[in-house]
Amino acid sequence: MNSSSLKSNNSFVNVLKSTLLNIYDEIIITDHQGRITENFGGIGKLWNDKTNLIGMNLFEIEKQIFYEEEPLDEFKNENKRSAIKTSWNNQRILITYYPESQIGDIEYVTWGFKVLSRNDNVLMEDQADEDIDFSKASANDTSRLFIVKSQKMMTVLNTVEVVSKVSSSVLLLGESGVGKEVIARAIHDLGPRKNQPFIPVNCGAIPENLLESELFGYVEGAFSGAKKEGMPGKFELANHGVLFLDEIGEMPLNLQVKLLRVLQEREITPLGSFKPIKLDIQIITATNKNLKTLVEKGEFREDLYYRLNVIPIEIPSLRERLEELPYLINFFLHKYNHLYDRTVQIDQDAIDLMSIYEWPGNIRQLENTIERIVVTSKGPTVDASAVQEYVPLEQEIMKAPPVFEHLIPLQDAIDLVEEQLINMAMEKYKSIKLAAKALNVSQPTMSRKYKKILNNLSKQNISPSEKRKILEDQLNNRLRSVAIATAAIIEPEEVSDLKRNPTTNNPIFKKIQAQLTMIRKQEGGIKWSFIFDILDNKKFRTLVADKDFVMEPGESYESSEEFMKVARNAVKGRVEVTPVYRDIFGEWKSSLAPVMDHSGKVIALIGYDYSKEYIESELKKMGRVLKINL
């Protein structure tokens with residue numbers, strides 16, 4: 001080839017490069033096995049500061065760059081042309097695959113990489129072409145970012161985007177460690193006050209005698225030991241911006257009165273001063289406590305509660321959004337690898353194992369765990385066996401097995417419990433692999449048993465009414481097992497005593513009421529739990545019930561025929577569930593179990609009421625899990 005042809009050829013190649021880089025941010029060419037032979041362009045710190053990709057294997061380095069999604073080498077087998085993958089620094093990358101082109105004896109593959117908008121997956125500062133440099137990241141940098149991969153967090157994100165545009169008071173609710181301050185900062189950063197101060201205050205971390213001066217400030221001579229020049233308070237420092245009051249439930253009552261006045265008057269008066277300061281601030285509060293309960297106990301002002309609870313945002317716990325766990329693990333892993341100059345990787349099996357842990361400390365605990373793994377790991381890779389050193393995966397063991405008050409066939413009991421546990425595990429983890437780990441069985445065993453359940457439930461050519469009956473039977477089995485297991489904690493001698501002395505002053509009344517309230521809260525979905533004395537085949541008398549029950553102790557009850565039919569069977573020693581029925585209080589499904597004395601005589605009935613709305617919701621949920629469309 002002469003020099004003019006060579007020049008012409010190079011110019012043609014440069015034109016092609018320029019054209020392609022107007023479409024993509026980076027072009028990579030590999031051989032059939034994934035070895036990179038050429039690359040053009042670039043995407044920030046996507047490749048973990050690797051300055052030269054040539055000679056590296058794309059299929060290997062992608063494992064360090066992208067979350068556990070469909071591998072790129074499978075594109076060739078499926079002849080798939082494009083996919084969107086999420087990188088370690090939460091960029092959404094469109095990857096386009098162009099099939100092999102043969103040059104000489106070698107087949108080459110072209111890959112196009114383009115950064116997409118990430119607003120639907122990740123909330124962060126508007127940095128279209130910048131990545132966070134974790135080696136220089138401060139706490140505030142990472143607090144401006146949170147990962148959204150679940151429907152529950154998407155709902156939170158939608159609310160955050162709405163409330164950031166207004167100045168209404170916001171109350172953030174959720175367990176410790178779910179990221180309430182992260183959400184508060186996001187509200188600040190997305191709104192018109194983003195260039196104004198964001199002042200966080202932990203009401204539980206400041207001694208009561210100092211909290212007032214911290215919040216309201218003081219002037220010279222306000223009290224003994226006051227600074228000569230005085231000190232502005234957090235309200236004044238946050239003026240025109242956002243004041244975030246964390247652990248608001250810890251605020252003393254005397255300061256709650258002053259906070260209420262601030263919310264009403266929008267002004268403060270520093271200690272020792274008579275000159276009020278006008279305020280223009282948004283107040284965001286947060287708590288991991290139930291403020292309504294504190295109001296009932298007289299520990300929190302009711303009028304302040306309603307002032308703060310203008311826009312409540314419930315932040316789900318990590319165990320309620322497990323689909324985000326792998327993304328969070330990879331995010332924190334890359335953060336601390338960069339921070340401590342490490343290259344620790346976590347195997348997929350280890351991530352699976354971490355996914356079945358309950359994470360009581362939520363995201364804070366997860367981040368601390370990943371940091372500890374990065375710092376203390378002796379090898380470059382942490383597998384499932386090694387991760388057990390960092391996470392206590394042992395499940396809580398029941399100290400005593402449930403006590404059954406009547407006999408049912410043993411195999412029926414085993415099948416009932418096994419099926420319920422498998423359905424619960426699949427509903428929670430949405431994965432055969434994770435469900436198998438949680439139930440401590442092999443993946444093939446779990447797959448075989450779950451397939452058997454699905455086969456039994458997915459009969460061909462069945463009518464909608466038959467499909468509904470299948471789901472209702474499944475749900476009824478679950479409600480029956482709840483009634484059987486929880487009825488065991490009620491002592492028949494105490495019920496007999498209560499029948500003889502059915503008054504609220506009887507200490508046994510308060511004990512059983514507390515037990516029934518606990519059952520209702522722990523099981524979830526139960527509207528009311530109660531124990532009825534049997535008057536005759538049609539009438540019952542309330543002996544005791546949970547604290548929220550609609551009927552008073554001693555009040556008689558006459559229900560529908562559906563309830564009576566199940567009650568008559570319960571008197572005969574059977575545990576049954578009613579169809580949905582109507583009474584004067586609404587529409588319900590009830591499960592009833594007998595309370596028997598030691599001679600086997602039924603002395604009362606224990607019952608659980610579920611609202612019609614809850615039942616319909618559970619049927620839809622079970623339908624999705626069991627792949628039955630109503």
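Tutor: The accessible surface of the chain comes to about 32500 Å², and carbon and sulfur atoms contribute 50% of that surface. Such areas come from the Shrake-Rupley method with a 1.4 Å probe, and for residues only the protein chains shown count as cover. This is a predicted model, in which local features need pLDDT of at least 70 and side-chain atom pairs count only at pLDDT 80 or more, whereas totals for chains, interfaces and linings use all residues. Residues are numbered from 1 along each chain as its sequence is written, and side-chain values use heavy atoms, with hydrogens and water left out.

Student: What makes K63 exposed or buried?

Tutor: Buried means under 20% relative accessible area, exposed means over 50%, and partly exposed lies in between (1.4 Å probe, protein chains only). K63 has 53% relative accessibility, so K63 counts as exposed. This residue lies in helix 2 (residues 58–65). Its C-alpha is 9.7 Å from that of Q345, although 282 residues separate K63 and Q345 in sequence.

Student: How do you know whether L245 is buried or exposed?

Tutor: The relative accessible area of L245 is 0%, so L245 is buried. It is found in strand 12 (residues 242–246); strands are DSSP runs of E with at least two residues, helices are runs of H or I with at least four, and both are numbered from the N terminus. The chain has 23 helices and 25 strands, and 45% of its 630 residues count as buried.

Student: Which residues are in contact with L245, leaving aside its neighbours within four places in sequence?

Tutor: They are V201, C203, L215, L259, I283, I284, T285 and A286, where contact means heavy atoms within 4.5 Å. T285 is 40 residues from L245 along the chain, yet their C-alpha atoms are separated by 4.6 Å. Across the chain, 61% of the contacts with a separation of 6 or more join residues 24 or more positions apart.

Student: Why is helix 13 called largely enclosed?

Tutor: Helix 13 (residues 348–355) has 6 buried residues out of 8, so the rest of the structure largely encloses it. The buried residues are A350, I351, D352, L353, M354 and S355.

Student: How many aromatic pairs does the structure hold, and why is the pair F532 and F540 called stacked?

Tutor: There are 21 aromatic pairs. Rings of Phe, Tyr and Trp (its six-membered ring) pair if their centres lie within 6.5 Å; planes under 30 degrees apart count as stacked, over 60 as edge-to-face and the rest as tilted. The ring centres of F532 and F540 are 5.9 Å apart and the planes are at 20 degrees, so this pair is stacked. F532 is buried at 2% relative accessibility, and F540 is also buried at 2%. Both belong to an aromatic cluster that also includes W528, F530 and F549.

Student: What makes the charge of K258 sit over the ring of F216?

Tutor: The criterion is that NZ of Lys or CZ of Arg is within 6 Å of the ring centre and within 35 degrees of the ring normal. The charged end of K258 is 5.8 Å from the centre of the F216 ring and sits over that ring.
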